[in-house]
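Welcome! Here is a short tour of some helices, strands and aromatic rings. Please take a look at the view below before reading on.

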Amino acid sequence: MLKQQLQQKLQQRLSPQQIQLIRLLELPSIEMEERIKQELEENPALEEGQDSTLDDSMNDGDFNAEEETFSEDNTDLSLGDYLTEDDIPDYKLAEISNRADRKEEIPFSLGSSLHEHLLEQLGLRDLSEKEHKIGEYIIGNIDDDGYLRRDLTSITDDLIFKAGEEVDESDIQPILSIIQDFEPAGVGARDLQECLLLQLEKKEPTRNTQLAIQVITTYFDAFVKKHYEKIQKSLNINEEKLKQVLHEITSLNPKPGNSWSEVSEIAMNQITPDFIVEAQNGELVLSMNQRGVPDLRINREYAEMFQDYTSNKVNQTNDMRNAVQFVKQKLDTAQWFIDAVRQRQETLQRTMQAIVMLQRDFFLTGDESKLRPMILKDVAERAGYDISTISRVSNSKYVQTNFGIYPLKFFFSESTQNESGEEISTREVKQIMKETIAAEDKRKPVTDEALAALLKEKGYLIARRTVAKYREQMDIPVARLRKEL
């Protein structure tokens with residue numbers, strides 16, 4: 001039975017300006033510098049320099065910069081409120097909020113991206129125009145790990161219907177084979193097995209290499225499950241030879257694209273921190289890194305031009321009215337951007353102040369055991385902002401301390417209790433687990449049950465399933481997969 005029903009629902013819409021401000025909050029320092037440069041290039045009404053107060057007369061007529069209140073103190077900016085085409089679904093907030101315990105990946109540039117590197121190699125091959133286009137499209141579908149995770153049928157369909165190329169799957173495979181011959185070895189593989197084989201086939205054909213190819217080709221499932229006895233018996237080799245073969249395989253790169261994106265010491269030096277916290281004589285000094293953020297102001301010539309236009313409202317032609325509208329729009333946009341940058345700086349400052357206050361002991365000592373449990377809600381309550389705002393500010397931001405540069409996500413962790421009922425950071429528990437696993441006998445790796453028992457002995461009442469969750473968050477495989485000969 002069909003039923004009609006009236007329902008009253010109160011929803012809050014965010015203005016385009018508020019949405020843009022939210023996006024500015026997410027930008028790290030480097031990207032914010034680029035955003036400001038872009039705005040300066042595109043808007044002639046905006047310029048660098050100390051802000052100057054315009055004459056009251058310049059606020060007459062039609063020039064009244066739209067005054068938007070960007071503070072979120074009394075506004076719940078949950079992502080479900082976005083109702084425009086730029087909507088961001090609610091799951092994104094949950095995804096951002098849950099990243100705190102994950103391995104931090106620090107973006108940096110090594111001069112050229114993986115895709116640029118592959119395209120350079122493609123340009124060196126003697127290919128027809130059609131083959132080159134196919135190669136470009138395949139490379140465009142290779143992910144940051146170096147894998148081609150889309151099947152060839154889908155790529156063929158895309159080339160036919162989107163790129164207008166008359167191709168079939170038999171045209172794609174030869175070009176993919178060419179790309180799979182590129183550096184880094186293993187790039188363009190469809191799965192791990194193919195990735196390892198591509199690398200092995202490029203190595204010198206020694207006895208160990210040939211055996212390694214046989215293991216990956218014929219006994220890959222046993223290799224993944226670490227059923228080494230089965231492999232040794234099937235290949236009819238002794239344990240020492242098996243160790244050599246396994247070493248040949250485990251020295252390969254399961255993610256060949258990482259050589260263009262993995263974190264290194266050199267890259268760490270290229271990170272531009274958004275904040276600087278210095279410990280001086282038992283006191284903490286917080287400052288914003290404003291090195292690439294210039295002072296902004298309204299261009300006086302543009303403001304005076306607008307004043308001239310509006311002072312002569314009699315007998316204005318259509319061209320003059322259009323000019324007035326154009327100048328007004330540029331002035332309004334410039335004023336909004338100035339206010340948005342100022343609001344962004346204030347929001348970042350207050351958020352970082354809250355984090356420093358909550359993690360004061362760590363910033364004074366650099367001792368990770370001093371980190372207290374802290375979640376987004378804790379910072380939001382102290383800073384006076386919505387949780388979603390704290391999430392955006394914390395994303396992709398870094399702070400320089402006396403003890404190194406840290407991503408803001410580093411300071412967030414859930415809490416657990418010890419046997420005395422005291423709240424402790426899960427980071428403390430994870431550190432013990434990490435050290436225990438690092439020191440384990442790889443012939444008999446420590447199981448989750450054993451880790452839980454060890455933690456209990458140390459006064460941490462952690463269930464086995466919680467130990468498993470923490471281990472997975474640290475990207476540590478189960479004991480069976482850590483086993484070595």
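Two strands count as paired if DSSP finds at least two bridges between them. Helices (H or I, at least four residues) and strands (E, at least two) are DSSP runs, numbered from the N terminus. This is a predicted model, where local features need pLDDT of at least 70, side-chain atom pairs count only at pLDDT 80 or more, and totals for chains, interfaces and linings use all residues. Residues are numbered from 1 along each chain as its sequence is written, and side-chain values use heavy atoms, with hydrogens and water left out.

**Strands**
- Ile276 stands opposite Gln400 in β5; strands β2 (residues 275–280) and β5 (residues 398–401) pair in the parallel sense over two bridges.
- β5 also runs antiparallel to β6 (residues 404–407), joined by four bridges, and Val399 has Tyr406 in β6 as its bridge partner.
- Two residues lie between β5 and β6, which form a hairpin.

**Helix α17**
- Leu376, Val379, Ala380 and Ala383 are buried in α17 (residues 376–383), where buried means under 20% relative accessible area (1.4 Å probe, protein chains only).
- These buried residues line one face of the helix, because they fall within an arc of 100° seen down the axis of α17; the arc is that of the directions from the helix axis to the C-beta atoms.

**Aromatic rings**
- Rings of Phe, Tyr and Trp (its six-membered ring) pair if their centres lie within 6.5 Å; planes under 30 degrees apart count as stacked, over 60 as edge-to-face and the rest as tilted.
- The count by this rule is 10 aromatic pairs.
- Phe362 and Phe410 make a tilted pair, 5.7 Å centre to centre with 55° between the planes.
- Both Phe362 and Phe410 are buried.

Key:
Buried means under 20% relative accessible area, exposed over 50%, partly exposed in between (1.4 Å probe, protein chains only).
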